[in-house]
Amino acid sequence: MSMIAAFYGGKSILITGATGFMGKVLMEKLFRTSPDLKVVYILVRPKQGQTLQQRVFQILDSKLFEKVKEVCPNVHEKIRAISADLNQNDFAISKEDMKELLSHTNIIFHCAATVRFDDHLRHAVQLNVTATQQLLLMASQMPKLEAFIHISTAFSNCNLKHIDEVVYPCPVEPKKIIDSMEWLDDAIIDEITPKLIGDWPNTYTYTKALGEVVVQQEGGNLNIAIIRPSIMGATWQEPFPGWVDNLNGPSGLIIAAGKGFLRSIRATPMAVADLIPADTVVNLTLAVGWYTAVHRPKSTLVYHCTSGNLNPCNWGKMGLQVLATFEKIPFERAFRRPNADFTTNNITTHYWNAVSHRAPAIIYDFYLRLTGRKPRMTKLMNRLLRTLSMLEYFVNRSWEWSTYNTEMLMSELSPEDQRVFNFDVRQLNWLEYIENYVLGVKKYLLKEDMAGIPEAKQHLKRLRNIHYLFNTALFLIAWRLLIARSQVARNVWFFIM
């Protein structure tokens with residue numbers, strides 16, 4: 001029997017960010033391996049026209065929870081949705097709900113965060129720093145609390161090349177940042193943001209670093225651990241390969257390339273694409289929760305959940321694997337010349353400017369106007385280009401993360417727990433994973449009909465032929481104009497002929 005699975009039996013667990021990608025995978029694994037747990041509290045932001053119970057059923061109405069419903073048929077009764085807003089003081093939780101949380105909670109998994117790279121500093125501080133501070137205050141009032149697990153990011157200290165499993169100090173104390181956000185207006189915050197974040201590339205990584213310092217400084221006597229996952233991708237094995245439900249990380253790039261919107265990215269091919277499957281992160285998280293509660297380390301331990309140091313895959317190799325998968329599993333309704341240039345050579349040296357990306361979108365929008373439909377491609381392309389601009393920092397650099405604590409934890413697990421809660425990325429086959437990832441994006445995110453793959457392949461072939469004909473015609477026209485205007489070009493032509 002798994003010691004970790006047995007540990008969570010009968011426990012009352014609070015999960016923030018349960019409606020997000022990682023939160024859902026975390027809940028699924030908890031219920032599937034520990035169906036006898038007592039209750040999972042989830043903080044849910046109120047939605048107009050939808051009750052909290054309807055939100056719960058909406059979460060469970062997913063292929064992700066099919067296996068859970070078999071082993072835990074009453075799963076909906078074990079999820080207790082709490083109306084909460086992390087932007088408000090005390091999360092706007094009612095007195096009755098707060099009393100229940102404080103009295104019964106045994107384990108906290110703090111997954112909630114804003115992951116937008118371009119988020120306004122005030123909002124990023126509120127969700128990633130102030131909300132963490134408020135949750136720690138709640139935790140300090142929970143007499144039955146055994147462990148507080150904070151989910152950060154491996155890029156919280158991306159201003160460093162080598163990152164150890166320690167909490168690094170920030171240039172400005174988090175308390176000063178929190179206080180200043182309460183009285184500064186947006187214009188002043190916009191002006192000082194570049195100076196505050198300094199070497200950090202965006203407000204997300206900066207505020208996640210601040211959040212870690214808050215955890216260390218205000219954790220008091222709580223049993224706390226910090227987990228730093230890198231770029232979280234689709235599931236590797238559990239509950240099945242390839243499940244994903246959001247556009248974050250590589251998923252958006254896969255869709256953009258698969259649909260033909262994205263023909264190139266400005267990246268360094270040998271830079272490590274430190275991707276980590278969501279189920280690997282969840283397995284480590286549950287193992288850390290068990291170890292922190294049972295062994296009670298004397299200090300706050302940080303665990304890196306990364307792949308680059310143990311099983312590296314660079315962006316060039318990943319691009320080729322994505323391209324190879326597109327050949328097997330093309331996407332429906334592909335826009336002009338899909339998948340054509342997602343190659344190592346293109347990623348390394350071929351820099352397309354914004355005009356070359358926008359031109360097809362402008363032409364397609366013109367076509368939509370002519371046919372009486374609403375133009376939308378230019379807007380989508382502008383969003384994509386902004387996203388690519390924000391990702392450039394991460395796809396052109398590599399980092400070294402130490403994993404001593406993560407490897408120590410693995411050695412502490414029994415063979416059964418190492419199997420059930422596997423977070424050993426050395427076993428990951430990247431070729432299989434990327435293929436399942438692309439398939440998962442098509443199947444679970446885009447909800448495309450897999451029966452249409454043969455037709456999509458034919459459509460892809462036609463588009464490629466059209467692209468080759470278009471380029472050939474463009475070359476001949478350009479060459480003809482050059483010959484007409486240049487004596488040197490005419491001499492070269494006559495020499496060739």
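So, α2 and α12 cross in a right-handed way, meaning that the near helix is turned clockwise from the far one by less than a right angle. This is a predicted model, with local features needing pLDDT of at least 70 and side-chain atom pairs counting only at pLDDT 80 or more, while totals for chains, interfaces and linings use all residues. Numbering runs from 1 along each chain as its sequence is written, and side-chain values use heavy atoms, with hydrogens and water left out.

Back to the pair: α2 is residues 21-33, α12 is 278-295, and their axes come within 9 Å and cross at roughly 60°. That makes α2 oblique to α12, because angles under 35 degrees count as roughly parallel, over 145 as roughly antiparallel, 65 to 115 as roughly perpendicular, and the rest as oblique. Axes here are lines fitted to C-alpha atoms, for helices over the stretch in contact, and angles run from 0 to 180 degrees between N-to-C directions. Helices are DSSP runs of H or I, at least four residues, strands are runs of E, at least two, and both are numbered from the N terminus.

Who touches whom? On α2 we have F21, M22, V25, L26, K29 and L30, and on α12 it's A278, D279, V281, V282, N283, T285 and L286, with contact meaning heavy atoms within 4.5 Å.

Next pair: α7 (121-139) packs on α8 (174-183) at about 125°, axes 10 Å apart. α7 is oblique to α8 as well, but this crossing is left-handed, the near helix being turned anticlockwise by less than a right angle. From α7 the contact uses L121, R122, V125, V129, T130 and Q133, and from α8 it's P174, I177, I178 and M181.

Now the backbone. Which peptide bond is cis? The one from E238 to P239, with omega near -10°, and P239 sits in the loop between β8 (231-233) and α11 (250-259).

F91 has a positive phi, near 60°, despite not being glycine. F91 is in the loop between β3 (79-83) and α6 (95-104). Buried or exposed? F91 is buried, at 2% relative accessible area; the cut-offs are under 20% for buried, over 50% for exposed, and partly exposed in between, with a 1.4 Å probe and protein chains only.

R296 also has a positive phi, near 45°, in the loop between α12 and β10 (301-305). R296 is partly exposed, at 48%.

Zooming out, the chain has 21 helices and eleven strands, and 54% of its 497 residues count as buried.
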